[in-house]
Amino acid sequence: MTAVPTVRNRVLLVLSALLLALVPAAPSLASAAPEAAAAGGRGGGAEVVGVTRAGDRLVDLSVRSPSLGGRTVPVRLLTPDGWDPDDPAQHWPTLWLLHGCCGDYTSWISATDVEETDSLRDVLVVMPEAGWNGWYSDWWNFGAGGDPAWETFHTRELRRLLERDWGASGNRVVAGLSMGGQGALMYAARHRGMFRAAASYSGAAHPLLDDESVDRIMGFFAGRGDDPRRVWGDPVAQRRIWAAHDPYHLAKRLKSTPLYLSCGDGTAGPFDPPDATSALEADFNRQNHALAAALKRAGAKKVTTHFYGAGTHRWEYWERELHASLPMLLDALKVR
């Protein structure tokens, strides 16, 4: 059921329309603060409560999410040429770009040339906030669940809002770096059919590989003073939950999805100072090789790997790898 607009929503609607009218080249966003969405699933009722024009083709949505405890979080859209969310006939192919740990929804725009990439001018690019260290997961929270539930927010609430009010179609692919690489693979595996292809750049592809890998990701989970067991629980006592979020253990669910896996080996490469090293990249390199082997054993036939040797955990590599994987991603979207 669609909720009746509140007075506050009507005010937001008018203010957003007036602000956007000041941008001559902007498409019409008369529905800038749409009615609350019956997002369904756990904690339905996510709604867009604000819209900001962030650039010529950039629109930032402020989304209030029950799955995130009622907090409002941003989502950045890189819009295609001719995009008009008020036209119900528009349904654009969609690329989800997921940020890494310690980044945010602005990272892909600020750190790469994605905004100037001509091959994306016919695609709606979705760059959602996923928390400083949210790990694209509904946190276990010692069995209580609840806030944050990033996976539910992205795959249910946000997906439905975008397809209902913002011109997104059900034709989707996903890509991400580091934490977002794990998220891209996990979403493709755990929500089979939601994404036609997935790409992971220096992704956390097998967190359960060994004690070093477990300790490293637990260190990320503990960022900003969190108890690291809040995310997936204890890696021994809650191993089933860990495995359910580990792409290596989801290989059979990924075997029919076109995939792109890339990673450096942690030594100095073309974008690094001569003496640079990255233990993180070296760990993820071992994890990605393990995942590639698991996919081969599972019978996957649509896996492209680019394990390029020298290279650390840097944006210059991820920008390059995005461009290298775009032909595969766009082919899956049937965008030429």
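Let me begin with a pair of helices: the axes of α5 (residues 211-221) and α9 (residues 279-298) come within 11 Å of each other and cross at roughly 125°. Axes are lines fitted to C-alpha atoms, for helices over the stretch in contact, with angles from 0 to 180 degrees between N-to-C directions. Helices (H or I, at least four residues) and strands (E, at least two) are DSSP runs, numbered from the N terminus.

On the α5 side, E212, S213, R216 and F220 make the contact, and on the α9 side A279, L280, D283, R286 and Q287; contact means heavy atoms within 4.5 Å.

This is a predicted model, in which local features need pLDDT of at least 70 and side-chain atom pairs count only at pLDDT 80 or more, while totals for chains, interfaces and linings use all residues. Residues are numbered from 1 along each chain as its sequence is written, and side-chain values use heavy atoms, without hydrogens or water.

Turning to the sheet, 9 strands form an open arrangement with mixed pairing, ordered β1-β2-β3-β5-β4-β6-β7-β8-β9; two strands pair if DSSP finds at least two bridges between them. β1 (47-53) and β9 (303-307) are at the edges with a single partner strand each, so one side of each lacks a neighbour in the sheet. β1 runs antiparallel to β2 (residues 58-65), joined by 6 bridges, and E47 stands opposite R64 in β2. Helix α9 also packs on this sheet, touching β8 (259-263) and β9.
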